[in-house]
Every structure is written in structure tokens, then in C-alpha cells.
Amino acid sequence: MRQLIAGNWKMFGKRADIEAFTAALRADAPAHVDMLVCPPFTLLDRFASTLAGSKIALGGQDCHPAAEGAHTGDISAAMIRDVGASHVILGHSERRTNHGETNAVVRGKAEAAIAAGLTPVICVGETEAEREAGEAEAVVRSQLAHSLPAQFSGVVAYEPVWAIGTGRTPTEDDVASMHAAIRKALVEQLGTAGAAIAILYGGSVKPANAAALLALPEVGGALVGGASLKAADFLAIATAAPL
Ligand code: PEP
């Protein structure tokens with residue numbers, strides 16, 4: 001399976017940043033991986049124009065579970081699809097923490113995304129306290145069980161909360177063993193479909209650690225936050241993916 005290298009711009013970026021960034025990606029995106037950029041909503045439309053005709057995919061960072069309605073400040077999955085995006089990140093730990101998103105909310109959003117023709121990228125991951133208590137796998141299994149719709153098709157991103165934006169990463173053994181546990185849970189939950197779902201690793205992925213992380217078994221790519229804002233770093237991570 002080709003690896004997916006996804007960039008989460010979070011609440012960073014202005015229109016003036018797009019042109020040079022997309023030009024670099026168009027020129028140097030390696031052919032052996034798929035690349036996805038998830039900018040803030042304000043930049044989706046302009047990104048869609050500048051990426052038109054390229055193989056680089058575009059995604060949102062959240063959507064509302066309803067198809068439309070009186071939800072001031074929210075964006076529907078169909079609106080994200082309408083501007084030319086193909087993916088949407090859901091259940092990122094920053095949304096689970098800052099907006100109180102429960103697994104049930106994430107599942108509702110995933111159902112809406114799939115209904116609108118988007119590929120959801122569902123984030124799961126334990127806090128540092130949960131890891132120290134030996135509960136990391138149980139927490140992630142529970143998130144998968146309750147955040148994924150019964151007929152899930154999409155991508156899963158394992159993002160230990162304590163590794164996001166901190167410069168810290170789990171050991172390679174810990175990443176490999178969590179990804180193996182996620183694969184087992186996906187197959188138990190979804191049958192043979194669970195075997196084909198890409199499992200990204202996310203949390204302080206940088207050019208310096210990308211090759212080692214991306215080469216681990218059951219790692220199907222990376223969800224990259226901070227390092228995706230600089231085209232050179234994002235491209236170096238993508239280039240480090242195994243052939
Ligand atoms: C993220 O926001 O999903 C993330 C992994 O951030 P960072 O790469 O900055 O740790």
C-alpha cells in the first residue's frame with residue numbers, strides 16, 4: 001500500500017503562504033507516496049485552485065455531523081467536498097480536548113463525511129497519564145470501538161496526545177506495538193475491510209525521525225502538524241517514506 005503523508009496546518013496560514021508552498025509540492029512531491037494537505041477552512045478554496053491538476057489531495061480539519069442547518073460557525077462535510085477536498089481530519093486530540101468532542105460525536109462526523117463522499121482521517125491516541133498507567137492500548141481500542149462507524153472506510157491516525165507538538169515521540173517498539181494492536185482491533189471490528197485501512201503515525205514527525213517511524217510495520221504514513229507548514233520539511237518527510 002502506498003503511504004499517505006498528510007499535513008495538518010491547524011490554525012496557521014494565510015493566503016499569501018499558499019503559492020510558494022504549493023509550487024514546491026508540485027515540483028518535488030515524491031511519486032511513491034500520496035500527499036494530503038489539510039489547511040484551515042479559509043484557505044481550502046484557494047488551495048483547491050492552486051493544487052488543481054496535481055496529485056496532492058486536500059482535506060478539512062473538522063466537519064459538523066449534520067448535512068446542513070442552523071449551526072453558526074460550523075462547516076458541513078458537503079461544503080468541504082464542494083470546494084474540491086477529498087479528506088477530513090476528525091477527532092484530533094485538540095478538538096477532543098478543546099471542544100469536548102466525544103467518541104460518539106466523532107462517529108457522527110465520520111458518518112457525515114462518508115455520506116458526503118469524503119475520506120475521514122480519524123485520530124486516536126492516549127494521554128501521557130494513560131500511557132504511564134499502562135492503559136494506552138485499552139484507551140485506543142475504546143476510541144476505535146466508539147469513534148468508527150460500523151461501515152467505516154477511511155484512514156486511522158495514531159497520535160499519542162503527549163507527542164503532539166512536543167518534540168517527543170514514543171519508542172519505535174511502542175509505535176510498532178500500538179500499530180499492531182490497532183490493526184488487530186480494526187480487523188475484529190470491521191472484518192476484512194479492517195485489514196486494508198491505512199494507519200498513520202502522528203506526533204512530532206520531523207525530517208530527522210521520519211525514515212525510522214515510516215519504516216515500522218503497520219505504519220501506513222504520517223499525520224504531520226508543525227513540520228507540514230514548511231514545504232521543505234514536509235517534502236523531506238514524504239521522501240523518507242519507504243519505497
Ligand atoms: C498533529 O497536529 O496532528 C501533529 C501530529 O502535530 P505535530 O506534528 O506538530 O506534533
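This is a predicted model: local features need pLDDT of at least 70, side-chain atom pairs count only at pLDDT 80 or more; totals for chains, interfaces and linings use all residues.
Figure 1. Strands of a sheet pair through backbone hydrogen bonds, either parallel or antiparallel.

**Figure 2. Strand β1 meets strand β8.** β1 covers residues 3-8, and β8 covers residues 221-224. The two run parallel, joined by 4 bridges. Look for Gly 7 in this view: opposite stands Val 224 of β8.

**Figure 3. The largest nonpolar core holds 60 residues.** Ile 5, Leu 25, Phe 47, Leu 144, Val 156, Ile 182 and Leu 186 touch the most other members. Helix α8 gives the most to this core, with 6 residues. Now follow Leu 186. Its contacts include Leu 144, Leu 148, Val 156 and Ile 199. Gly 191, Gly 194 and Ile 197 are also among them. A second, separate core has 13 residues, including Leu 4, Ala 6, Leu 200 and Leu 223. In soluble globular proteins, nonpolar side chains tend to be buried together.

**Figure 4. The ligand is surrounded by 14 residues.** The closest are Lys 10, Glu 159, Gly 165, Ser 204 and Gly 225. A side-chain N or O atom of Glu 159 is 2.7 Å from a ligand oxygen atom. For Asn 8, a polar side-chain atom lies 3.2 Å from an oxygen atom of the ligand. Gly 226 uses its backbone: a polar atom there is 2.9 Å from a ligand oxygen atom.

Conventions. Residues are numbered from 1 along each chain as its sequence is written. Side-chain values use heavy atoms; hydrogens and water are left out. Two strands pair if DSSP finds at least two bridges between them. A nonpolar core is a set of buried Ala, Val, Leu, Ile, Met, Phe, Trp, Tyr and Cys residues joined through side-chain atoms within 4.5 Å. Buried means under 20% relative accessible area, exposed over 50%, partly exposed in between (1.4 Å probe, protein chains only). Contact means heavy atoms within 4.5 Å. A residue is near a molecule or strand if one of its heavy atoms lies within 4 Å of it. A polar contact is a pair of N or O atoms within 3.5 Å; within protein, one must be able to donate a hydrogen and the other to accept it, and residues adjacent in sequence count only if both atoms are side-chain atoms. Lists of a residue's contacts leave out its neighbours within four places in sequence.
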